[in-house]
Amino acid sequence: SRLYVKLARRLAGQGHSVLRFDVSGVGDSEPRSDHLPFNKSVVADAQLAMQLLEAREGQTAFVLMGHCSGASGAFLASADEPRVVGVVLINLEGGNDEWTEYDRDRKNSRYYQQYYKNIAADGQRWRWVLTGRAAYGKILSNLVNGIFLNRLRTWWFARKAAAQQSGKEAEIAPLMLESRATLRKIVERGTRMLLV
């Protein structure tokens, strides 16, 4: 919904230095060549962004903000970085890699479902489909991969999670301990935090 565009422009208009960026391998950013795992690469990416703003704008204190996996990245990056004085976490992802994949599959399925509902109501797009100007392969791929397979994977995950409910606590415990330790570091350093 262009949240970051609107927010960045408003903050810049108030005189703040603002940098919007995609972490490595997301959106318009290329993957890292060093193949660092996510929990390390997001920290390195945030540190590079802070170095850039420090060199160009003279900034020495930073507020990190992220949504979903970006919130996880901002959370991790703020733990050991004394230059971070505030962190804004929107819809922070939680759980292990399998849960994160499930959550993304579920969101992608909803996105494509809504996308095609909107297209179905658009007369111009129907004209493209009926006159042979549509990208039929892409449409089919989005329907199969974007909706059907994502729904199938989320259904499978839900069934498996229900069957393994008793073992779930043991699986989540190490992650919770790691998150608590990270949170403790942030709080003890006096970093302000906003959870949305």
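I take helices (H or I, at least four residues) and strands (E, at least two) as DSSP runs, numbered from the N terminus. This is a predicted model, so local features need pLDDT of at least 70 and side-chain atom pairs pLDDT 80 or more, while totals for chains, interfaces and linings use all residues. Residues are numbered from 1 along each chain as its sequence is written, and side-chain values use heavy atoms, with hydrogens and water left out.

Layout first. I get seven helices and three strands in the protein chain, in the order α-α-β-α-β-α-α-α-α-β.

Backbone next. I looked at both ends of α5 (residues 123–130): at its start, a side-chain oxygen of Asp122 comes within 3.0 Å of the backbone nitrogen of Gln124. After α5 comes Gly132, with a positive phi near 80°. His35 is not glycine, yet its phi is positive too, near 55°. I find His35 in the loop between α1 and α2, exposed (over 50% relative accessible area, 1.4 Å probe, protein chains only) at 69%.

Then the pocket. I used a 1 Å grid over the protein atoms alone and a 1.4 Å probe; a pocket is an open set of points with protein on both sides within 12 Å along at least five of seven lines, and lining residues have an atom within 4 Å of a point. Of its 38 lining residues, Tyr4, Leu19, Arg20, Met65 and Gly66 are closest to the centre. I note that α1 (3–13), α2 (38–57), β1 (62–67) and α3 (69–79) each supply at least two lining residues.

Notes
Buried < 20%, exposed > 50% of the residue type's maximum accessible area, 1.4 Å probe, protein only. Polar contact = N/O pair within 3.5 Å; in protein donor to acceptor, adjacent residues only side chain to side chain.
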